[in-house]
Amino acid sequence: MAERTVNSGGTNVRNVANVVIVGAGPAGIRAAQTLVAAGVRPIVLDENIRWGGQIYRQPPQGAGFARSKQALYGFEAAKADAVHNTMAALVPQVDYRPETLVWACDPQRLHTMHGGREAPVPFTHLIIASGATDRVLPVPGWTLPGVYTLGGAQVALKAQGCAIGERVVFAGTGPLLYLVAYQYVKAGANVVAVLDTSPFVEQAKAAPRLLSQPSTFAKGVYYLGWLRARGVRVEYGVTLEGIGGTAGVRAIRWQHNGRESSVECNAIGLGFGLRPETQLADLAGCRFVFDDLNRCWLPERDAAGRSSQPGIYLAGDGAGIAGADAAELAGRRAALALLEDLGVAAPSIPDLLDAPDAATIERKLASIRRFREGIEQAFALPKDPAARWPDDMLVCRCEEVSAGTLRECVRQDGVTEINRLKALTRVGMGRCQGRMCGEAACHVLADASGQTYAQVGRLRAQAPIKPIPIAPMLFDENVAAIPEEARDE
């Protein structure tokens, strides 16, 4: 552990603390800023090449293409620039480790992979700002080449300077559906349709709650109008029937009011909102509860971001989807809670004259939650989605487990809990560790067993929470134990 001298209010307070932040998106960066202002030098672990997270993802330096922040982030360009500049100024004052994958957590120690080598990172205090990933519900044909998640489509555009196809359809529901479509069309891509499974009437009913954040609501209305003005087909209340093709995507079919339609395309961005990344919190021993708003199991936390585990704090979308603005606030709030637990007074931040205090942050987050409730009302998931999935549709592509296999297991073995289903069928045991298939498997189990989605439980996280190469660790630490002929291989 590293000894740090923390200066607060003119009083030196000596603390023995290793403070680690996982994630360098909006939450992680604001947490780091707050800690540095108090004299603490945290370790910041970032899986990406450059800071900013998914929402403010930056192209790799020297990537061979240049697009302005206005082009990359649209209305959010100024916010992205502020977050990027904040972290750039912090880099000399933190231990920043990009391209570092956190794959496991023991008591007061993280296991990371960087440059093909495993490196343990001890901590006394940990802020988990792990962000979110796409919520995926499968559609017949979803494993064809050319089908991407919405987040994957966004990464291709922001970090690689390319579109996912020549004729693109975005399908699913949620605000990200329209944002990514807008970003693609603005970049010059050919978006032939946006297919929203949520009915327009439900979106209209949610307007009063959405108007609690008028500027954000106005942006959404603008994206829709902008797309329509440029001839992009927008359909509401659709039921996605399937994706056609053999060697790749050729078309997508849907139903609306009993009538089937289709459109030719060679790439599809598919997504049903976002899902918090909670695996690391699970391995850290945090207690979980089912959250009706996020429609998933989340680690427990108080209003300040403290988890059920002393010294472990949660911030940003990894603790509950609320957006980039809320993530910045939650990152600062978690850092303030950490400092309070260290006995350090809240710092002032010279570059952020209106830096909110704890009470103000909590009020703002409560206001954002009302908007979040409106989002869930406007973009609800399809009701009982598994009821329409054919038996031969793959649910778990890593282990090639079909919906029929899962249903048969429920019928024959009386399975009622998702981890038992996992043990018997291997669903969720592949490279994605349930990120792509876990939610769908829970829906199949709930439908087949006559339970609610919450009643079937949650997939417990297992290390490694993301794919890692095994050979570098073996050769690093146990070279003498590896037979010479095996080393030659």
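Me: Aspartate 384 lies in the loop between α11 and β23 (394-396). Is aspartate 384 buried, partly exposed or exposed?
Reply: The model is a predicted one. Aspartate 384 has a relative accessible area of 49%. Exposed would require over 50% and buried under 20%, so aspartate 384 is partly exposed.

Me: What is the phi of aspartate 384?
Reply: Most residues other than glycine have a negative phi. Aspartate 384 is not a glycine, yet its phi is positive, at about 45 degrees.

Me: Where does glutamine 108, which has a positive phi, lie?
Reply: Glutamine 108 is not a glycine either, and its phi is about 60 degrees. Its place is in the loop between β6 (100-106) and β7 (109-114).

Me: Is the peptide bond from alanine 463 to proline 464 cis or trans?
Reply: Proline 464 is found in the loop between α14 (438-449) and α15 (471-477). Most peptide bonds are trans. The bond from alanine 463 to proline 464 has omega near 0 degrees, and it is cis.

Me: How is the aromatic pair of tyrosine 182 and tyrosine 222 arranged?
Reply: The structure holds 13 aromatic pairs. In the pair of tyrosine 182 and tyrosine 222, the centres are 6.2 Å apart and the planes lie at 70 degrees. Planes over 60 degrees apart count as edge-to-face, so the arrangement of tyrosine 182 and tyrosine 222 is edge-to-face.

Me: Which helices does this pair of tyrosine 182 and tyrosine 222 link?
Reply: The two residues are 40 residues apart and belong to distant parts of the chain. Tyrosine 182 is in α5 (residues 175-186) and tyrosine 222 in α8 (residues 214-229), so the helices are α5 and α8.

Me: Which ring lies under the charged end of arginine 397, and which has arginine 458 over its face?
Reply: The charged end of arginine 397 is 5.2 Å from the centre of the ring of tryptophan 142. Arginine 458 is 3.9 Å from the ring centre of phenylalanine 288. The rings are therefore those of tryptophan 142 and phenylalanine 288, respectively.

Me: Which element gives the most to the lining of the second largest pocket?
Reply: About 520 Å³ of space lies in this pocket. Among its 29 lining residues, Arg301, Ala319, Gly320, Ala322 and Arg369 are the closest to the centre. Elements that give two or more residues are β20 (288-291), β21 (296-299), α10 (324-342) and α11 (358-378). The most, 6 residues, comes from α11.

Me: How many residues in the lining of the second largest pocket are nonpolar, polar and charged?
Reply: Gly counts as polar in this division. The lining divides into 16 nonpolar, 4 polar and 9 charged residues.

Me: Which residues does threonine 133 touch, beyond those up to four places away in sequence?
Reply: Threonine 133 belongs to strand β10 (residues 132-134). Its relative accessible area is 17%, and buried means under 20%, so threonine 133 is buried. The residues touched are Gly273, Leu274, Arg275 and Glu277.

Definitions and conventions: Residues numbered from 1 in each chain as written. Predicted model: local features only at pLDDT ≥ 70, side-chain atom pairs only at ≥ 80, totals over all residues. Heavy atoms only, no water. Helix = DSSP H or I, 4+ residues; strand = E, 2+ residues; numbered from the N terminus. Buried < 20%, exposed > 50% of the residue type's maximum accessible area, 1.4 Å probe, protein only. Contact = heavy atoms within 4.5 Å. 1 Å grid on protein atoms, 1.4 Å probe; cavity = no way out; pocket = protein on both sides within 12 Å on 5 of 7 lines; lining within 4 Å. Points joined across faces, edges and corners; volume = space filled by probe spheres on them. Phe/Tyr/Trp six-rings, centres within 6.5 Å; stacked < 30°, edge-to-face > 60°. Lys NZ or Arg CZ within 6 Å of the ring centre and 35° of its normal.
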